[in-house]
Amino acid sequence: MAGTGSARGLEKGAVLAGRLPAAVAGDQDGGGCTAGVVPAGVGAAVGLFESVRHRLDPIVARMAGAVPAEVPLAEGVHDLDAMAAAITPRTRAVFLCEPNNPTGTAVGTAGLERFLDRVPGDVLVVLDEAYFEFSRSPGAPDGVALHHERPNLLVLRTFSKAYGLAGLRVGYGVAQPVIAEALRKCAVPCGVGRIAEEAALAALSVEAELFERVERIVAERERTREALLGLGWEVLPSETNFLWLATGEASEMVAARWERRGLLVRAFPGSGLRVTLGSPDANDLLITAAKETAPPAR
């Protein structure tokens, strides 16, 4: 997709535009990293993921011939020490989502750089930054800036979230040219249509207007979280356009009850609820539903 690299000030050959190769992108838009980056049939290769992710991840890893190894979160945040300790000579790729999906949490630049220092140079680190534009933490990392000094870092970004083009499934990856070239060789042919390409380029040209909407979403995120906390719900700090409610075993029950109130939230059985922020009216409906529902016992 001509223009993405120059718009970001990146060197020639560093950008993989469009739908990324099936070896690294399960949801096929550049914003969701899901599978070990290994040749087909290499069953001994291992890809590391955190444990509360879209359940497609380990499935796609196996389809790519990799063995998924999942590492539990620590209080809703990537446990980078545990992930580093889980790396073995068989590990070929490590997948991090920053900010994380579905919990919305972030590890920050300092924690990420310490982790990258511990990863062997022959292990690819795939950094999913699908929600990069929503992060407001002073210590938020910028993977595109980090990749210049990290030969084994692949950064994924997408037009599906802040840019509002989810239905077009288009995104991009940024890596050292040698990695980008290798992945480009196994890219999905004609993975992005002309309409999606034109829409992505148009979105880049009106970023100021788009990011005004992002600021409104961030403000609603903080307002809604504070209201839910005040009602006794356990809501993790979020750097994304959604909130994570730690509802444990009550997750499916709460989701079903709220659906009857006209709210669709995603339940992760036994873990929590992922609630995407909407308009102020929609968020008010969420707050009202939360008032009418007793928070699960902690």
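Buried means under 20% relative accessible area, exposed means over 50%, and partly exposed lies in between (1.4 Å probe, protein chains only). This is a predicted model, in which local features need pLDDT of at least 70, side-chain atom pairs count only at pLDDT 80 or more, and totals for chains, interfaces and linings use all residues. Residues are numbered from 1 along each chain as its sequence is written, and side-chain values use heavy atoms, with hydrogens and water left out.

**Cysteines**

Select C186: partly exposed, at 42% relative accessible area. Now C97: buried, at 1%. The disulfide count (cysteine sulfur pairs within 2.5 Å) is zero.

**Cores**

Select F115, L245 and W258. They have the most contacts inside the largest nonpolar core, which has 56 residues. Such a core is a set of buried Ala, Val, Leu, Ile, Met, Phe, Trp, Tyr and Cys residues joined through side-chain atoms within 4.5 Å. Helix 8 (residues 207-230) gives it the largest share, five residues. Helices are DSSP runs of H or I, at least four residues, numbered from the N terminus.

Next, F95, L154, L156 and L183. They are among the 11 residues of a second, separate core.

**Around L245**

Which residues is L245 in contact with, leaving aside neighbours within four places in sequence? Contact means heavy atoms within 4.5 Å. Among them are L228, W233, W258, L273 and V275.

**Helix 7**

Select residues 194-205. Color A196, A200, A203 and L204, the buried residues of helix 7. Seen down the axis, they fall within an arc of 100°, so they line one face. The arc is taken from the directions from helix axis to C-beta atoms. Turned away from that buried side are the exposed R194, I195 and S205.

Note on methods:
Helix = DSSP H or I, 4+ residues; strand = E, 2+ residues; numbered from the N terminus. Expected span 1.5 Å × (residues − 1).
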